[in-house]
Amino acid sequence: MELPPKVKNILLLNSEGKRVAVKYYSDDWPTNSAKEAFEKSVFTKTQKTNARTEVEVTALENNIVVYKFVQDLHFFVTGGEEENELILASVLEGLFDAVTLLLRGNVDKREALDNLDLIFLCFDEIIDGGIVLETDANVIAGKAGINSADPNAPLSEQTISQALATAREHLTRSLMK
Amino acid sequence: MAQPLVKKDDDHDDELEYSPFMGIEKGAVLQEARVFNDPQVDPRRCSQVITKLLYLLNQGESFTKVEATEVFFSVTKLFQSKDTGLRRMVYLIIKELSPSSDEVIIVTSSLMKDMNSKIDMYRANAIRVLCRIIDGTLLTQIERYLKQAIVDKNPVVSSAALVSGLHLLKTNPEIVKRWSNEVQEGIQSRSALVQFHALALLHQIRQNDRLAVSKLVGSLTRGSVRSPLAQCLLIRYTSQVIRDMANHGQSGERPFYEFLESCLRHKAEMVILEAARAITELDGVTSRELTPAITVLQLFLSSPRPVLRFAAVRTLNKVAMTHPMAVTNCNIDMESLISDQNRSIATLAITTLLKTGNESSVERLMKQITNFMSDIADEFKIVVVEAIRSLCVKFPLKYRSLMTFLSNILREEGGFEYKRAIVDSIVTIIRDIPDAKESGLLHLCEFIEDCEFTYLSTQILHFLGIEGPNTSDPSKYIRYIYNRVHLENATVRAAAVSTLAKFGFMVESLKPRITVLLKRCIYDSDDEVRDRATLYLSVLGGDGTVDTDKESKDFLFGSLDVPLVNMETSLKNYEPSEEAFDINSVPKEVKSQPLAEKKAQGKKPTGLGAPPAAPTSGFDGYEKLLSSIPEFTAFGKLFKSSLPVELTEAETEYAVDVVKHIFDSHVVFQYNCTNTIPEQLLERVNVIVDASEAEEFSEVTSKALNSLPYDSPGQAFVVFEKPAGVPAIGKFSNTLTFVVKEVDPSTGEAEDDGVEDEYQLEDLEVVAGDYMVKVGVSNFRNAWDSLDEEDERVDEYGLGQRDSLGEAVKAVIDLLGMQTCEGTETIPLNARSHTCLLSGVYIGNVKVLVRAQFGMDSSKDIAMKLTVRAEDVSVAEAIHEIVASG
């Protein structure tokens, strides 16, 4: 029997229910299409709720899902139906606050995609194979935040070629808009 | 084709929006990954490429074996870079690629170097990566470092090693078990999470040692566990220990309850919740034990945090199923949750209230629910409807407001499952509460006027045909039914025609008008509708001689008197031949197979040895078994097989039970024997039966069991002859005889010489109930009315003092061996009178119905009035004899 609290997945979806980043720790959804189906039903079920100030919660397919939304990002953490909701909520809050710290308060889809490496590292520091690794947002952000490739780092710390690359990127980005 | 086009447009819109991964393509990214091989590593660029690879994998893209290997090899080159950010990404991608064992070798040395690095972050992550990808042999090489890491002064490193230990325990338990000293040290750690991970691992290591777990829990519940997560874990382990102790018969004061109760005052809410839940889930929890847990949950109900409210109401909802009284204190808080923004919370609150509510609050509750129903999803509504149905059964006097509610929601929008739940509920209420019948039927009529579900329409029409003609004014339903013939599809039209015919037949005054309506239907465009109309017209046209009346009544209302499942099996086994299919050959026994199977599984917890020989239980199983024995084929058709009767005490050397198979002029006893001694092999197992107390029986033959090895059941048979068609009764004493041979447990070989021995079994009786087959009827009243009142036999019996009415009812049901109908086997608590309806088929294929009315006086003396109707008067008399002699 497995008694330690288990997280089945962490989902970060955009405002259309598409994946920004997801991580599964359970075999409940063996294929990619099963995963997508689950994401879709979670998204549809919670879409109309207001989870912007407090963490919200619902039950779905014998699972407990806690969730919180900000801008065009939807955060979800799923656990089994016997799981303690408050443990799941503490994982979600840890994730949410850590992401907020890492993205310097600008939490939206675009910023998340721009810093997807940080988001992946964040997931990695919160849960290891379904087991809660850390829930303190400061610690998580601290561990995930060591990133020399931060595109927003001051120019002086970059080499000339890197600076050029950054400039080129910024230019293309502004042209695309 | 419209759908994909729209979709494309959506995608197009997405592309207009900026994304760093716009138009990303696997092939191109794999090309880019060549940058890993550059002699001068560009950390920033490499990190970006890794992020792209991770993005692709995350979106559900998969790499082929070759692609994955190629990426993996080039990624390993990046270990030469000193850039910490890049190193983190390298760790991540290695975990995602999950390399095969021959590839792992390449990175092992790099990772081992990182495991001993001065940088904490490297050490922690290298451990997690390495433990994820290595196998047992490599693990022994790094075991030393892992043990060191567990006691590392940096909590991150320590946690990484402990969590890795938890994962490795599944694949290499013997290695991880050697770490318990270090893990023990971790429990004392000042870091909250290290404590949590150490506790989880230590418990997992010791989980099979009940005493050690109990000790661990005992020592920790006294000390102070700092981390809330660890405290939650400790509560889970504690409840497990409490359960184990209860299972092993330790009684008295519940141990550790005080600890759980003290956790209700913990400062972390997650611990309070965990403790409250643990208390509510204790086996046989008393209301005194429950009270403090309910109190904290009640506080949670008014928390501003939705998660807390949800957790509390979910727990209370479960408690309400078993201890509704304990939850009533929370009703006021619960009622305010009906308007909760979070619909999951509101639904849970409502269903809890419906479970705990009392009669006086029903109306107020219904008013609140009405406002709530319009804005929740179907799945929630179904839960509410089901709760209302059980409420209505609980408070029959309140049917009016509940019925109004159900009919209102029936009119609103909703999917099939939801509507079906409502219709089912109305039907249940109509059946259980006679007063509700007329209004309920009208609600259903209105519903089918505008019902998009064929299945529901036909079900309702069928139900109307049975119930409608018996109402005070049957004619008012005709319009609704006939409208269906005009407006609906063929399936519904056919069902409507059948229903019309039933009205015409049952209500003499309506017959001419129905005939006119049916005549119109013979021009229908559908075959089935026309056929039915023609058929019913000819049935109705018969000018009412008694004989045809009975036949057509059977035809219209008689339910198929065989269970459908049996009918299906028989039809499948039927091979087309000259001989027509005979419905009388279908066995009538109601199958209890699933139950028997469940029992069998429960009885066999040992996973040892070969699986037992195919379970031979259930009527089909018996019939197959008996017909496979040539000596028994001459006996004709099997009439009934009894449930197994135990002839030995539980846990004796040999377990024997017997099944009584009744044939027309024979009785076969099937002795199921099990040898429970591994060191013995039994041979020539036979049962010697003494029938001196069973005068009408004479032994014909017996069939011994040649060999009975350990734990693999076998059967011996003894056959008696008895007068044909007569329910002969008698008592038989049994002795098991056999030859015992010793078995060498190491080789499993038996010795050549055996010793003869015998074993006394308990007595066996053939009783009148053995001649009765449980056969249900779908509508008891119709079946009752169809039997001749002349053949009714009534008598009254005193059953003496009993503890409860239920006990008396059960005794009578068991004595007669009949099927209870319409749920009359359940008796409301504290009831003083009860009517039980029974049906069955007696030997000779005689249908028997029994109405047994029970009453209890103040001194708990129980009287019974037994009314029996049977197709044969002598059988009705026989039933009374059974009761009189029982």
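Two strands are paired if DSSP finds at least two bridges between them; strands (E, at least two residues) and helices (H or I, at least four) are DSSP runs numbered from the N terminus.

**View 1. Open sheet of chain A.** In this predicted model, five strands of chain A form an open antiparallel sheet in the order S2-S1-S5-S4-S3. Strand S2 (19-24) and strand S3 (56-60) are at the edges with a single partner strand each, so one side of each has no neighbour in the sheet. Neighbouring strands are turned against each other by 20° on average, direction ignored.

**View 2. Pairing of S1 and S2 in chain A.** Strand S1 (residues 9-14) runs antiparallel to S2(A) and is joined to it by five bridges. Leu12(A) stands opposite Ala21(A) of S2(A).

**View 3. Helices H23 and H24 of chain B.** The axes (lines fitted to C-alpha atoms over the stretch in contact; angles from 0 to 180 degrees between N-to-C directions) of H23 (residues 378-394) and H24 (residues 399-411) come within 10 Å and cross at roughly 155°. H23(B) is therefore roughly antiparallel to H24(B) (angles over 145 degrees). In contact (heavy atoms within 4.5 Å), Val385(B), Ile388(B), Leu391(B) and Cys392(B) of H23(B) meet Tyr399(B), Leu402(B), Phe405(B), Leu406(B) and Ile409(B) of H24(B).

**Notes.** Residues are numbered from 1 along each chain as its sequence is written, and chains are lettered from A and ligands numbered from 1 in the order written. Local features need pLDDT of at least 70, side-chain atom pairs count only at pLDDT 80 or more, and totals for chains, interfaces and linings use all residues; side-chain values use heavy atoms, leaving out hydrogens and water.

Definitions and conventions:
Angles under 35 degrees count as roughly parallel, over 145 as roughly antiparallel, 65 to 115 as roughly perpendicular and the rest as oblique.
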